[in-house]
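Open your viewer and get ready to click along.

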Amino acid sequence: MSTGPTTITLRRPDDMHLHVRDGEMMRAVLPFTAARFARALIMPNLKPPVTSTRQALEYRRRILQALPAGVRFEPLMTLYLTDRTEPAEADRARAGGGILGFKLYPAGATTHSDAGVTDIRRVDAVLSRMEETGLVLQVHGEVADPDVDIFEREARFIDTVLSPLAARFPRLRIVFEHISTRAAVQFVLCAREGIAATVTPQHLLMNRNALFAGGLRPHHYCLPVLKSEADRESLLAAVAGGNRRFFLGTDSAPHGRAAKEAACGCAGIFSAHAALELYAEAFEAVGGLERLEPFACEHGADFYGLARNSGQIRLIKKPWEVPASLPCGADRLVPLRSGERVAWQVADEPPGATPAGAAGR
Ligand code: DOR
Ligand code: ZN
């Protein structure tokens, strides 16, 4: 990577945790990711969820069709694990091409997780088949028990589910998604081989005060919820330390404005419009810009056994103002940093502009 005071050139990155939804919403958000990332692991929590290889391949085709003309982007797929998933589905997924694993949503833990797993022991047979075939388990790591304090749900999940699971299936490859606590960082650092974690821009850039800054801030609400400053510092130290177990996964999760600004607003932060730029801010803040390229472009690909991407993307340090909202069908989308500045921008892209092909569709 060549760094200068105002420019960074890096290999084209991968977003290893992304929600693009479907239909109009997908057409609105996908160009932002495709303008920055060569590939992304697409989350399967649609309504209804993407539970079979056949559904995942159809969804993959819809994503490719929604890309702006001439844009190259590879969707990587994962299937939604349910209590009823059969071990044979793991074999079909393995044979399907471009399906990297299964996503574990504990039932009730987050957005569109009601079809998720009610007890991890119910999927032991599938996990065993995944372990044999080398499919990866992506984990939403929070217990769903409403009696557990919301800030403790990740730590509780490590103790009661993840740690025993990693021991029961010693060769199962696991990605602990969107980690948000010091406890999760410690777990990953000390875990056996084959365990890694994704980290989002919001958990690197904000702590829980951002949920209440000047009033209730629904656009800063995601799950796992933002944690303390000590947790944020621990995440920053982990990614800037260069450990190969940590890699980029934005968890960009669009919801229309009305669904966010509601008495019971949805969890999810949309960050795809400035994803790489926001990570650059976070790494720069701790003097770790040279670690951005391995985090964004190497560790994820290496963990999944994929070739690193060719091609490059250039970021320049030139502040720009994020639009207050973005079009998304008949609704609007309120992006992270709405109406505020982002310090970096992608060179050769008009900052904040809807990428070519997205407008008016
Ligand atoms: O904040 C979140 N939004 N966390 C999740 O786990 C799901 C996501 C979504 O799909 O909106
Ligand atoms: Zn997610």
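Here is a short tour, one selection at a time.

This is a predicted model, where local features need pLDDT of at least 70 and side-chain atom pairs count only at pLDDT 80 or more, while totals for chains, interfaces and linings use all residues. Residues are numbered from 1 along each chain as its sequence is written, and side-chain values use heavy atoms, leaving out hydrogens and water.

Start by colouring the chain by pLDDT, the predictor's confidence in each residue from 0 to 100. The chain average is 94, and 95% of the residues score at least 70.

Now select residues 355-361, where pLDDT stays under 50.

Next, select ligand 1. It is surrounded by 13 residues (a heavy atom within 4 Å), and Arg21, Asn45, Thr110, Leu223 and His255 are the closest. This shell has four nonpolar, seven polar and two charged residues.

Zoom in on the side chains. A polar atom of Arg21 lies 2.8 Å from an oxygen atom of ligand 1. For Asn45, a side-chain N or O atom is 2.8 Å from a ligand 1 oxygen, and for His140 the distance is 3.2 Å.

Conventions: Chains lettered and ligands numbered in written order. Contact = heavy atoms within 4.5 Å. Polar contact = N/O pair within 3.5 Å; in protein donor to acceptor, adjacent residues only side chain to side chain. Nonpolar A, V, L, I, M, F, W, Y, C, P; charged D, E, K, R; others polar.
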